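This briefing goes through one chain, one of its residues and a chain-to-chain contact. Please keep the structure open while reading.

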Amino acid sequence: MKKNVFGIFGLLVAVFVITAIADPNFLSAYNMQNTVKWSSLYGVMSIGVAFVIITGGIDLSIGSVVGLVAVVLSFLTKIHGLDPIAAIGLTLLMSVGIGLIHGLLITKAKLQPFVVTLCGLLIYRSLSRWLTDNQSLGPVPLEGDPGFENLEQILMLDFIFSGQIAIGGFFKLPTPALFLLVLAIAGSIFLRKTIWGRYLYALGNNEEGARYSGIDTDRMKIIAYVLCSFFAGIAGILFAFELGSVQPAQTGEFYELFAIAAAVLGGCSLRGGEGSVLGVIIAAAVIRIIFNSINIVGISTHLEFGILGLVILLGVIGDEILKKKMAQRQVAASEKLAVELSEKSKSNEKLE
Amino acid sequence: MAFDSGFLLEVKDLKKSFPGVLALKGVSLTLGKGEVISLIGENGAGKSTLMKILAGVQPADSGDYFIDGKKVEFKNVRDAMDLGIALIHQELNLASNLDLASNIFLGREPRKKGFIDEQELHSEATRHLQRVGLNLPSDTIAGSLPIGKQQLVEIAKALSCDARVLIMDEPTSSLSQKETETLFDVVKGLRDEGISVIYISHRLGEVKELSDRVTVFRDGENAGDLAKDEITHDNMVRLMVGRELSEFYDRDIHQAGECVLKAINVVSPTYPDTPVSIEVRAGEIVGIAGLVGAGRTELLQTFFGVTPSLGGELEVQGVSFSPRSPADAVQAGLALAPEDRKLHGLVLPMTVRENASLPSLERDQKLGLLDHSKEKMIADEAVAQMKIKTPSIEQAARFLSGGNQQKIVLGKWLAMNPKLLMLDEPTRGIDIGAKREIYKLMEQLAGKGIAILFVSSEMEEVLGMADRFYVMHEGKISGELKKNEMSEESIMQLATGGSLAA
């Protein structure tokens, strides 16, 4: 597990150094702040989908959930003038509800995760557009909006979700990074230190084996989908404040693919049972830096997806090779033991 | 029978290892033309491994093969088929939605102008079906036939490839008495045609009836050969076990205590029309014998909540119990070491520690946090108590041998202090040393007052280990036998739908 993170960390360093050498502007405080901010926003979603991928499932609806949460939040605060804290609570509740529905459909109705969440992707996206008549809007109300009376409170929230905190003289830490930090630590503890995390890995590796060991596998899968949507919901709020203006048709589009890419590049196997929060976060940063680097180095942006695809492919191939090597070492240890034991039993027989 | 002077097939010094176990330590085998030999040995003796190598399913590590005295090599199923060796699998491999002719010539359909030559296909298929005594239209759908007839179709398929050596791996394990007799007639007929057969079976009565010679494997090595007139039950068992049977199955009879599991008219979904009633008492070792497919595994799974019961009543220590999931069953103090260890028993990529502690995590948690030291303790204890041979408790379970994997399964349940331990084919695919340890453990657990219920297809195992056993036939209990009534004949009688003469 730790070796996997080592590999992706090496990739991060490599991409970082190459970009910095190609254009020293990459290291400017402004660009670093941007990189940290976007990596954090992607990272939050990616941790969420990692829970699901570890169970061997998939969630294609993340981008649409991000969009829907951003739209509904803006809709409630700006147009309906709802108390902004209540609005945040409601949207998070909505994202949890979405995850719960996914989990129930997958475990109780035995539908395939791909199908359930693909339908979710379509449904939530069109809900966003229908709700707003496809007009863009943001969470911060303007004068004349019903929500304008809560402006002070909303600006406060705007700072919490998309502000910057000065550290030292010139670097300002974007607040999404703090969200990522808290969620990453919580996610890591959940996966590594609690029995539920262990259950997720177990059922991702062998669902029947876990069930035969007395684990309520359905409940654990539902929890994974709920966590995934919940993390997407938090990302939706962060994005809403970050962007200021939410496009019902576009905000969050394709984000599920970035999140899944980060999870896979970070060491999750789509077969389930593998992955760590740290690896996923580093991978999310790698993906952001690659985008950033294409931009500032001056490669045609038409190539950005192609380059990203190649990097992920190479990363996953490297990971497979590493795993095979480790497996060979374990086999060798077992074989050595078998030979030793067999010789020992032979010499014992002779003694008898 | 006239053999040629040389052997049709000869195998010398074959070696094969799997992670954690040397499955074949240099075995040899000979087979004459038109000879039927039986290959016998306990679970894990290496029979199946050798058969898979001969059929080209997996390669050997080293060793030589000769056909008609000429050294040959084969690396895959294709090579083996070209040399005339065909394996009739224990699990049948017919495409159940296709007709018999299509099955027999699957992948080798006779063609005319690029299209399948239906006329040729069916006339050839009919010819081969008749060779195995099947006078059925060749357009019969394979899935509509009973299992015994499907097996004959498999043999016809092998014959259509000009097979000279048929390897039959426990062909009678799911056949009725009558189907078995038909199969034997076919095998004897083929022998007279000059086709050689390697027959693998646990049923020594059948082995005696059918074989010209018996080769015995023990623990991955040749234990000896028996010529036709030496084939007796005692000789076979002596070579298989390597010592007296009573020494191998070292059983003390314990005083049976209170009733731990009581099933009254329980119905498993596979056999919805046959309610089953049994009981198991504390300190008792109770076996369930029967043919493969008799509903034994399904019964254990129903007790364990894998497939909920459709009716009847279950009681654990007198308390009514209706498990809807294995989690419920574990809660009630039940444990199951399933037949398919790789699929159901373990999470193979996880370590010995993680597997051994999996059911106990919930009990040992504090606020949902893992108790790492407790976990390590459980794993260390399992390794020590079961003598699990592993480089460390951090080794992934998949790199251990079958015997050690089974010990992890048992270890994880013992950490839960179960009231009832159910074992489904506890020694399948396990080497002889581990097997003995597992028997010893069953014995010790019974001594501690745990109720033990096990399913086994191995005669000797049921006879040797059980204080008492039930025999199942087509989903129902066809009989219950006490220690003094047990015999291979009585089991077969009940398992194939007969009844015991009063």
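Chain B contains 19 helices and 22 strands. Its radius of gyration is 24 Å, close to the 23 Å that the globule rule gives for 502 residues, so chain B is as compact as a globular protein of that length. The model is predicted.

**Overall form of chain B**
- The C-alpha trace of chain B spans about 70 × 50 × 50 Å along its principal axes.
- Of the contacts in chain B between residues at least 6 apart in sequence, 70% join residues at least 24 apart.

**B:P359**
- B:P359 sits in the loop between α13 (352–357) and α14 (361–364) of chain B.
- B:P359 counts as buried because it has 23 C-beta neighbours inside 10 Å, the cut-off being 20 or more.
- Beyond its neighbours within four places in sequence, B:P359 is in contact with B:V330, B:K412, B:W413 and B:M416, and also with A:S213 and A:G214 of chain A.
- A distance of 41 Å separates the C-alpha atoms of B:P359 and B:I167, which are 192 residues apart along the chain.

**Contact between chains A and B**
- Chain A puts 27 residues into the contact, and chain B puts in 34 residues.
- On the side of chain A that touches chain B, α8 (195–205), α9 (207–212) and α13 (304–351) of chain A each give two or more residues.
- α13(A) gives the most to that side, with 9 residues.
- By residue type, that side of chain A divides into 11 nonpolar, 10 polar and 6 charged residues.

Conventions: Residues numbered from 1 in each chain as written. Chains lettered and ligands numbered in written order. Predicted model: local features only at pLDDT ≥ 70, side-chain atom pairs only at ≥ 80, totals over all residues. Helix = DSSP H or I, 4+ residues; strand = E, 2+ residues; numbered from the N terminus. Rg over C-alpha atoms; globule rule 2.2 N^0.38 Å. Contact = placed C-beta atoms within 7 Å. Buried ≥ 20, exposed ≤ 12 C-beta atoms within 10 Å, placed from the backbone. Nonpolar A, V, L, I, M, F, W, Y, C, P; charged D, E, K, R; others polar.
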